Amino acid sequence: MLAALLPGLREFRTPLAVGYAWLITLWLAVGYRAPRSDAAHGFLADVYRLAHAAGPVAVGVAVSVGAYLLGVIATRLGLDITYTLGDLLRRTPVGPATPGARRVNRLANALTLTVVTRLAERIVDDDAFRASMVDHVSRDDDASRGVYESQLLRNYWARDAHIRNNLAVDEMAGELGTELWDIAARLRGAGDIAALEYDRLVSEADFRIAMFGPLAALCLVAAIRWNPLCLVVVLPLITLIYAGVAARSEAEEELAQALASGRITDPAVDRLAVVALNYVDLNNTETEPPPAATAGTGAAVAAVAASNIPGTPSPSS
């Protein structure tokens, strides 16, 4: 029962905390200008009377609901702004140093490992597939074919090298990357524990990133009203963005590793056991792929990481 409640609590936590943080910031920014209840008139006087009549419990509930609604809007806007700025930063000379760029690379490596691991299993289990791979690289004489096929069967690293050197692995990893969110959704629908862990880490990532905005604004208000040195606190707050991107990267990597190990299965990965594959020719250019292999591109993994769709992997600065 607790496991069923946790996803809902995580969804509630982020907007509520972000909303309260913004309310506190706004109160410190302009609250001191509000008149006291005995000096208020017009709309403010009516608000004070309503709060007095309703009592502290009702006021607390109303403030919490307002904070939640404010947080829903602020969280989405904050994440979108952070993702957009992160995407722009990745296009600059400092791009490789940004957490978003590292996340894209780590996701690409994890998905590539998934593809290579599954295809290595296919070499062992699928005689026709193994024969086609041997035909692609070996000479016509039976002796060389036999030696090469024996190496593929005995040595995983020989299979790994053969796959990476002769198949369009980046393209297949990119195609798998475009389905990463769909994979998580299918696992979630099946009640798989891997989906719960993925959602936990993604929710934690969103919480850390979304809290940066109101806390940075709070430092700005404090600097304006009291001491400019309060702006110095913004620098360590930037680590929230790094920590958020790290949590999201961990979620994606764990999902990819579970797919690679076979601990979880999904049709997107199972297709690698039957789909026709396009090889790389001797001049390192790809031969014309069959229709089933053209859905992905080498940049698809980065496209997934750059997506701003709520709930999907999103870039950060």
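This is a predicted model, in which local features need pLDDT of at least 70 and side-chain atom pairs count only at pLDDT 80 or more, while totals for chains, interfaces and linings use all residues. Residues are numbered from 1 along each chain as its sequence is written, and side-chain values use heavy atoms, with hydrogens and water left out.

1. The structure holds 0 disulfides, a disulfide being a pair of cysteine sulfur atoms within 2.5 Å. The sulfur of C219 has its closest cysteine sulfur in C230, at 7.0 Å, which is too far for a bond. C219 is buried, at 10% relative accessible area, whereas C230 is partly exposed, at 25% (buried means under 20%, exposed over 50%, partly exposed in between, with a 1.4 Å probe and protein chains only).

2. In helix α7 (residues 156-166), the buried residues are R159, D160, H162, I163 and N166. They lie on the same side of α7, because their arc around the axis is only 170 degrees, taken from the directions from the helix axis to the C-beta atoms. W157 and N165, on the other side of α7, are exposed. Helices here are DSSP runs (H or I, at least four residues), numbered from the N terminus.

3. The N-terminal end of α7 is capped by N155, which places a side-chain oxygen 2.7 Å from the backbone nitrogen of W157.

4. A nonpolar surface patch is formed by V72, I73, L77, I81, L85 and L88, which together have about 570 Å² of accessible area. V72 lies in helix α3 (residues 56-90) and is partly exposed, with a relative accessible area of 40%.

How values were computed
Patch = residues over 30% accessible without salt bridge, like charges linked within 9 Å, V, L, I, M, F, W, Y side chains within 5 Å. Areas by Shrake-Rupley, 256 points an atom, 1.4 Å probe, with all protein chains shown as cover. Salt bridge = Lys/Arg side-chain N within 4 Å of Asp/Glu carboxyl O. Helix = DSSP H or I, 4+ residues; strand = E, 2+ residues; numbered from the N terminus. Polar contact = N/O pair within 3.5 Å; in protein donor to acceptor, adjacent residues only side chain to side chain.
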